[in-house]
Amino acid sequence: KATTRAATTVKATSKAASTAKATTKAASTAKASTKASSTVRATTKAASTVKATTKASSTVRVTTKAASTARATTRATSTVRATTRAASTVKATTKASSTVKSSTAKATTKAA
């Protein structure tokens, strides 16, 4: 009887030890899962940061392009103004030339 009781106690102790081992293993697995979950979150956050950086970079490119377009438009406007001035000068020259011709014709007529 005493031997049987001792054997039963040993069995129970072994079972308790196995349960403790299984519990420790489960705890380690839970820790590993938590760590993996944190890694996934960190990776997702990094991906979002990359996306945000790419978007910011695109915005900079668009802004730079817009600035270049604005400069080109300003240049074109200046060219239009210069062309208009040149056209006015041509008109003024033509008018002056006509006036000279008219005066010369009048003087010639008067002289005749």
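Is Lys15 buried or exposed? In this predicted model, local features need pLDDT of at least 70 and side-chain atom pairs count only at pLDDT 80 or more, while totals for chains, interfaces and linings use all residues. Residues are numbered from 1 along each chain as its sequence is written, and side-chain values use heavy atoms, with hydrogens and water left out.

Lys15 is exposed, with a relative accessible area of 63% (buried means under 20%, exposed over 50%, and partly exposed in between, with a 1.4 Å probe and protein chains only). Lys15 lies in helix 1, and its C-alpha atom is separated by 49 Å from that of Ser48, 33 residues apart along the chain. Ala17 is also placed in helix 1, which spans residues 2-111. Ala17 is partly exposed, at a relative accessible area of 39%. Between Ala17 and Lys101, 84 residues apart in sequence, the C-alpha to C-alpha distance is 125 Å.

The chain contains one helix and zero strands (DSSP runs numbered from the N terminus, with H or I over at least four residues for helices and E over at least two for strands). The radius of gyration is 48 Å, well over the 13 Å given by the globule rule for 112 residues, so the chain is more spread out than a compact globule. This radius is taken over C-alpha atoms, and the rule is 2.2 Å times the number of residues to the power 0.38. Along the principal axes, the C-alpha atoms fill a box of roughly 165 × 10 × 5 Å.

Of the 112 residues in the chain, 0% are buried. The accessible surface amounts to about 9700 Å², with 67% belonging to carbon and sulfur atoms (Shrake-Rupley method, 1.4 Å probe).
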